[in-house]
Amino acid sequence: MKTSLELPHALEDALRRLNPTLSRRHFLASSGALVLSVGASALPVGRALAQAAADGPYPDLDFLQLDTWIVIHPDNTATFYVGKTDGGQGTSTAFRQMMCDELDIAFAQTRLLMGSTDITPDQGGSGGSDAIETDGWPMRRVAAEARRVLLELGAAQLQLPVSDVTAAQGRVLAIADSSRSISYAELVGGRRFNVSLTGANVNATTGAAAVKPVQQLQVMGQSLPRDDIPPKVDGSLTWAVDVRLPGMLHARNIRPPLAGSTLRSVDEMSVAGIPGFVRVVQEGNYLAVVCEREEQAIQAAQQLRAEWTPPAQAPFPASEDLFDYLRASAPMSSREPRVSGDPAGAFAAAAQILEADYEVPFQGHTAIGPAFALADPSDNQLTIYSNDMKTYSLRTGIAQFLNLPRERVRVVYMDGPQVYGRTAADDVGFEAAYLAHTLGRPVRVQWMRHEETAWDTKGPAYAFRMRGALDAGGRLTALDYEARALDYAHVGYNEPDTVLIAQLMGRRPARPAAGGAALPSVLYGIEHLRLAGHVLALPLVWETPLRTGNLRDPDGPQVTYAFEGFIDELAAASGRDPVQFRRDLIAASPEDDSFRRARSLAVLDAAVAAHGRWDVRSAPRAPASGPVLSGRGIAYTYRNNTVVAVIAEVEVNRETGHVWVRRLVCAHDCGLAINPVGLRNTVECGMLHGLSRALWEEVQFDTEKVTSVDWASHPSMRHSDTPEAIDIVLVNGDPNPDRPDLPHYGAGETSHKPMIAAVAIFDATGVRLRRAPFRRERVLAALNAVQS
Amino acid sequence: MSILALNVNGAVREVDVEPSTPLLYVLRNDLALRGPRFGCGLGQCGACTVLIDGAAVRSCVLPVSAVSGAITTLEGLAQNGALHPLQQAWIDEQVPQCGYCQNGQLLTAKALLDNNPRPTDAEIRAGMEGVLCRCMTYYRIQAAIKRVVGATDPEAAA
């Protein structure tokens, strides 16, 4: 059996480069070789470093020390340490580009480590598509500060005023004579900067240096190949799931067979004869088996006899009755409606009123690799190997859950399957930590497919009631949006009292989280507007597979589907082309924060131009002969400061109900693009993930349990669903592109909206699909309902 | 437990396991290979794919005792230090997002092209249909396969 500890090459390599005998922690705690007069602040130099040495094994790193972020090595390479994670959108490459540019060092001379809690500053991990928009800024500023310090040191060595030197390719050189130069390594290689930074929080971290103006950026804006792709393609990457430790055990969970059941008894003898059996672990309704080998644990989990008492009350309605339940039940809470103008008066005066109900079911993460974690309790510490996107809160939450000092817990971040929000990677991390802590041996926990698909966190189901008022000229005068979301007890990230194991053990907060019913971001100039939302609950609140948490672009696909779908209905009712209808609404917007109005018009125009054959129409295309109908539709949306327009072309087979989105066109403006190809691919895959949710994804359940548990019962998009053409235009159309502070806004979740393909289906068929996903039986039923 | 001999990536390896153990766990846990990965354990998703005598096989549902042919995993795709053209195309097209499924995508594409060096778009879609990607890199995968097909197409090269 292989017993060696395997870490990612980059991690091993970086640790070795620092010093073969010293860990990064020891490096940071060691006395600085430099005594600088150029420190950026009056904070005591080395304050946290001394603290780090005293406090224990895994103290928090001090983000106010430059050495926490950047190390220059004796071979004139640099390692960057950042508190983010990369789910495969290429942020690790983008961050390197940002820091290389500010530091003036060649991209190839750098590496970047992220996410491991004991070697990187806590930037919270990933979430909210804020990596480039928010977390990139402190990285740029600390790299700029390192450059400033190196310029001062270099100028002194070259016996020149600082104003007479510059930096390039990891060297400080005389402006007047570039042959006079000194490398960064000669200045600080293998030693600490010992420079303090300032900032009230990690996002505000800064030195004295300013970042470069956009005109001077050289590495940012280049489509450099992603650094994580070659090892993912040649098989050399060590993933979190690949780590093997001496004495490691394998565990599998056994979930309540019916939601809300109580564990009455467990017959350990039913599995005691399995070779390699170690133990059954039970606390409350949490149940797991632990064995020496993986296949033994799988067998034991299948074979273990346990008696469960079903709940007295059905935990939830069946999924086919979900929307009746959602519309008929009393809300747990209702937000104060956001009202502008006089919607009631406008509806009373309307020439025409439209009403429509939209519905989106629960949808899951259903990661391609079910949730995984490995925990090692060796040396009286607890190390968790995980791909969780928020490793820092995983560490803190586990320490709280097990009542351990934070300093004794660390999370080693490694690559893993998709992490688009609050995934079961949180839950399994706590389970591995609990089992390792209980057994005193390393324990690897791997969720099975049925567990991942049934029990991972879900994006909330929504029912919408939309109403719109048109005047006699077909002008939209009022819009009323009312959302009902099944989002009560929404679980947060790595909360020690809401992770699944805590729920099953009966450790819960006094009050469930209120949850939320999202409102659309409305830039349209609509005079009379009312936006309202209600949160509802299912009967079973805890220990339920229908627990909600953030799923990629939380609420965005649902809200955009209803809102933009209804805007399309209004355009059709007013006899206007849907592009022109939206253009007029945007142009009527009173608001132009961050030039959003101008940029929105630009992306709409860019999408139409890229599409190349938008035929202006005021009504659906006349039905063609033959079984296959085609149509096109557009949606516009924005998320924070990123604006997006998507055009879908669809084919609908009216005999089978099969929908194929043949082409997608996206115009996307997120400001300064750090890596255009990486951005483009992220937008593409985000759109297609949204398309999978539009066409296929739906959590199904009866009144006892989730019944969609694998790829047969819970289908996902496949190769054959892929569009034959995808055109993405990066508009990045700041009206003033030379503006020095041209910002970089977020991407990743912005383009996740293709449920709006429904408007193209309308164009093809004349039938509105107001219930997602658009599986063929549902499409066929909608077509037949109109024909009959 | 039984001692079994497996031919993996050109070398004969002996393992001492229960004969009913799925090949996936033997490759990962006994032979420390990283290419084949657990995705469903049901033969539905393709993340565990290996090549056996050139055919793409789901190792998560194949008992190790049923294996008689030569096994190639993702680690064995490169030859003499040179990436397989599909691997290079995957880099050129910047295919992966998270990358977890790409083992199955690459090996299935390899088996597809070995059988049919010049597949049509429809044949690519059909041949790859059983391999799932939840980051939705399908369009990039198809582009990468077409890139290899184009490079070996004498008409395209002319």
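## Elements of chain B

Helices are DSSP runs of H or I with at least four residues, strands are runs of E with at least two, and both are numbered from the N terminus. On that basis chain B holds six helices and five strands. From the N terminus on, their order is β-β-α-β-β-β-α-α-α-α-α.

This is a predicted model, in which local features need pLDDT of at least 70 and side-chain atom pairs count only at pLDDT 80 or more, while totals for chains, interfaces and linings use all residues. Residues are numbered from 1 along each chain as its sequence is written, and chains are lettered from A and ligands numbered from 1 in the order in which they are written.

## Size and packing

Chain B has a radius of gyration of 16 Å, which agrees with a compact globule because 158 residues would give a value near 15 Å. The radius is taken over C-alpha atoms, and the globule rule is 2.2 Å times the number of residues to the power 0.38. Along the principal axes, the C-alpha atoms of chain B fill a box of roughly 55 × 30 × 25 Å.

Of the 158 residues in chain B, 54% are buried. Buried means that 20 or more other C-beta atoms, placed from the backbone, lie within 10 Å of the residue's own. Two residues are in contact if their C-beta atoms, placed from the backbone, lie within 7 Å. Among contacts in chain B between residues at least 6 apart in sequence, 57% join residues at least 24 apart.

## Two domains in chain B

Domain bounds come from an automatic or database domain assignment. Chain B splits into domain 1 (2-76) and domain 2 (85-157). Their C-alpha centres lie 22 Å apart. Each domain of chain B gives 13 residues to the contact.

On the domain 1 side, β3 (49-52) and β4 (55-58) of chain B each give two or more residues. β3(B) gives the most, with three residues. This side has eight nonpolar, four polar and one charged residues. Nonpolar covers Ala, Val, Leu, Ile, Met, Phe, Trp, Tyr, Cys and Pro; charged covers Asp, Glu, Lys and Arg; the others, Gly among them, are polar.

## Contact with chain A

The contact between the chains takes 48 residues from chain B and 50 residues from chain A. On the chain B side, the elements that give two or more residues are α1 (23-30), α2 (85-92), α3 (102-115), α4 (121-128) and α5 (138-152). α5(B) gives the most, with four residues. By class, the chain B side has 25 nonpolar, 14 polar and nine charged residues.

Methods
A residue is buried if 20 or more other C-beta atoms lie within 10 Å of its own, exposed if 12 or fewer, and partly exposed in between; C-beta atoms are placed from the backbone.
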